[in-house]
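Please keep the sequence and the model in view while working through the points below.

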Amino acid sequence: DVPKVIEPQGDSNGPRRGSLCDQHCAAINNMQGDLGCHLHRPRVPPVVSPAICCQQCSDDVCESCVVKTTLMAENAVEANKLSNNYKFGFKKWKSHVTARPWEDRSEIVKELYSDLNVIRGSGGSTVTCGNVLYLLLFGWWLSVLYILVAAMMFITIVGAPFGRLCWNLAGYFLWPFGKVIQEAEVPKSRRALGACEAGTEASSIGESSALLHGPVPHCWHSQCWAGAGSWRRAGTVVWLCLGYPALVVAHGLVCVAAWLLVVLIPVAKLSARTAAHVLLLPPERVLVRHLRMTEVPLEGQVILCCYRAINPYYYKYAVDGINVFAVNLLPLVLVTLVLGYVDSHNRLTSSPVKFSLALLSIMPLSYYIGMAIASISAQSNFAVGAVVNATFGSITELTFYITALIKGSREGNRCYAEIVKSALTGTLVGCVLFIPGLCMVIGGIRHQEQRFNSRSAGVSSALLFLSVGGVFAPTLFSKVYGKLICGECHNITQNPLGHYLCHNCHFDLMGSNGTLYYSHVQPLVYTVSLLLPAAYLIGLCFTLKTHAHIYDIHISDCHMPGHHHSAVVHWSRWRALVILLLSTLCMSACADLATEHISPILSNSTISQYFIGVTVLAMVPELPEIVNGIQFALQNNLSLSIEIGNCIAVQVCMLQIPILVLFTIFYPTNFMLVFSDLHVYASMFSVVLMNYIFMDGKCDYFQGTVLVMVYFILLAVYFFAPSPSGC
């Protein structure tokens, strides 16, 4: 739906048209005009004016104006990244590479980065499901631990002040909601005696939290001992040796568990700030009060004030620009590598467990690779960004495919080559049907009808037709000229001239010393592998140079006047390059472990190897792209959601498969570019259906449901299909 805008006031003598086309053009091209936007158009052709555009259209429809896209960016770096996102043939990245201005964020996001030291007005009852869950998971045993530590401190006599502190904190951590921990002000007489300063600075504004960058008081250095007596020094030593370590370990466990659960990150901040600040203060300066008993203004500084244990919006939380889920999954990569290479004899875990861990570790590594590519592209010119994207954009899939082919060649097992073909087909089918269909369904729930650039989608569709035809040309050639050989045949009519039932049939290309394959099929494979990348380059030239107006977009850096901000990049180019190389190295190790431990699954599983290849091995590495596509669709930017799937499918056929063929020239493997009939039919049907759906440039949730249902039907076919012959 195009928003209505006020008709621009121009020259009264100029051409003025009141058609729907005028309104569409004005709405899209001038949508940000009232906000004082400043346009950044890096390497993007200028927008066609409404008058010129509408002269080529009727008064009722102006399709070329409707498909124009205006994107908002916070700064020039984000504008450059968004502009490169629309370039044909490159993967699309959703993550922000710069820090968003603090004042431009919503109150919900600002609350995520607070240090839990702000007293708010009455927010209703503190008895909520999340707070009760905290009580059951952490509150009761933390309270018991504080009571035990308090008893131990009272027994030591000298630690009695710390015992009273633990007794007060026991009640606080049993139910901390609606209570306040304050740091009492030091009287002037105490300051004169040399007591240590109260030590917390005001909470900093930005993507930092008490959990990661919280201030730590410096109350235990030598100046603190100057004015204290031997009795107090003895009590402090007892506290630091007996009570404090046990509580730090407990709060550390709570902190890690709550952080991994994401929605309980407020509890993690609460525990981290307690261990790093509250427990290091002198006990007489820590005050625990109930909010209803506290009158504003409070005496002293507020250290902790928590109202809710669970915040469902913490899925948006980021640490140095990295999403919290990617941060939490990073230790999984280390565990996978340690178990995989240290426990090589499977004494601690089994092969299926290691395979699952290696496959899951690919997800965060794909995120880091994408974030690094986006950071480098946004801070570089288009040539550098294109080289990095083309080089590392498919590194996840290629790493797994090559390691699987190497292992199959060493073991003489052709099942690995069939698994690679299944994964290639599964990626193609999933990116053509599942990713666009799922984005249409989820985006259609929020938007009744979504439009996209049908001309740009048509370019991708044409290349998909070309690439699918080229990839499966050797297969069709072998079906025509190959010799059909069956493993066993049975006469079902007991008549020598009757019907025979044959099993394990395939077209033999190696008969007569492989004359058919080496003289005809292999040269065709090499020819196709050269023509497909050439077609890919022609498509790049077509969409980036000669017909760049097809992707007619402009990026709007939109801020209110007087509130412009310089870009604060999360990762510099060198840091992004180091992370990119390390992630690629870890990806290679995880792919090696996955192929090392997939053999027991293939041999012992009752599920078809076809199904394992087209689902697990094909779609798990694409999960970050699926999430990106859904986010674009929710923002009513379906063009990028569709381009995500088309781009991956085009890269599979025009880049990944030719690279695998080129690899087999230098390292002989069992990989031949001859697919089974099921792969051919599924891929061609998917491409035809996708082109039919995308013909009119608009879609809704029903069309997305059709694509998703067809994808699941194909998965059911693969599930019940027999395994490849010889596996």
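E418 counts as buried, because its relative accessibility is 10%, below the 20% cut-off for that class. Its salt-bridge partner is K421, and the closest N and O atoms of the two are 3.8 Å apart. The model discussed here is a predicted one.

**Salt bridges within helices**

- E418 and K421 both belong to helix 17, which covers residues 415–446. They are three residues apart, about one turn of the helix.
- K421 is also classed as buried, because its relative accessibility is 4%.
- An α-helix has 3.6 residues a turn, so residues three or four places apart point the same way.
- A second pair of this kind is K407 with E411, whose closest N and O atoms lie 2.6 Å apart. Both residues are in helix 16 (residues 395–411), four residues apart, which is about one turn of the helix.
- Is K407 buried or exposed? K407 counts as buried, because its relative accessibility is 11%.
- E411, by contrast, is partly exposed, because its relative accessible area is 43%, which falls between the limits of 20% and 50%.

**A salt bridge between separate parts of the chain**

- The whole structure contains ten salt bridges. One of the pairs forming a salt bridge is E183 with R285, where the closest N and O atoms are 2.6 Å apart.
- Why does this pair tie together separate parts? E183 is in strand 3 (residues 179–183), while R285 is in the loop between helix 12 and strand 4 (286–290), so the bridge connects parts that are 102 residues apart in sequence.
- Both E183 and R285 are buried.

**Backbone angles in two loops**

- V262 is not a glycine, yet its phi is positive, at about 65 degrees. V262 sits in the loop between helix 11 (230–260) and helix 12 (265–276).
- V262 counts as buried because its relative accessibility is 4%.
- D320 likewise has a positive phi, about 55 degrees, although it is not a glycine. The loop that holds D320 runs between strand 6 (318–319) and strand 7 (322–323).

**Helix 18**

- Helix 18 consists of 18 residues, numbered 454–471. At 1.5 Å a residue, the helix should span 26 Å. The expected span uses one less than the number of residues, and the end C-alpha atoms are 25 Å apart, which agrees with the expectation.

- Which residues make the nonpolar surface patch? The patch is made by I108, Y313, Y315 and F325, and its area is about 370 Å².
- F325 is located in helix 13, which covers residues 324–342. F325 is partly exposed, because its relative accessible area is 41%.

Terms used
Residues are numbered from 1 along each chain as its sequence is written. This is a predicted model: local features need pLDDT of at least 70, side-chain atom pairs count only at pLDDT 80 or more; totals for chains, interfaces and linings use all residues. Side-chain values use heavy atoms; hydrogens and water are left out. Buried means under 20% relative accessible area, exposed over 50%, partly exposed in between (1.4 Å probe, protein chains only). A salt bridge is a side-chain nitrogen of Lys or Arg within 4 Å of a carboxyl oxygen of Asp or Glu. Patches are made of residues with over 30% relative accessible area and no salt bridge: like charges are joined within 9 Å, nonpolar side chains (Val, Leu, Ile, Met, Phe, Trp, Tyr) within 5 Å. Accessible areas come from the Shrake-Rupley method with a 1.4 Å probe; for residues, only the protein chains shown count as cover.
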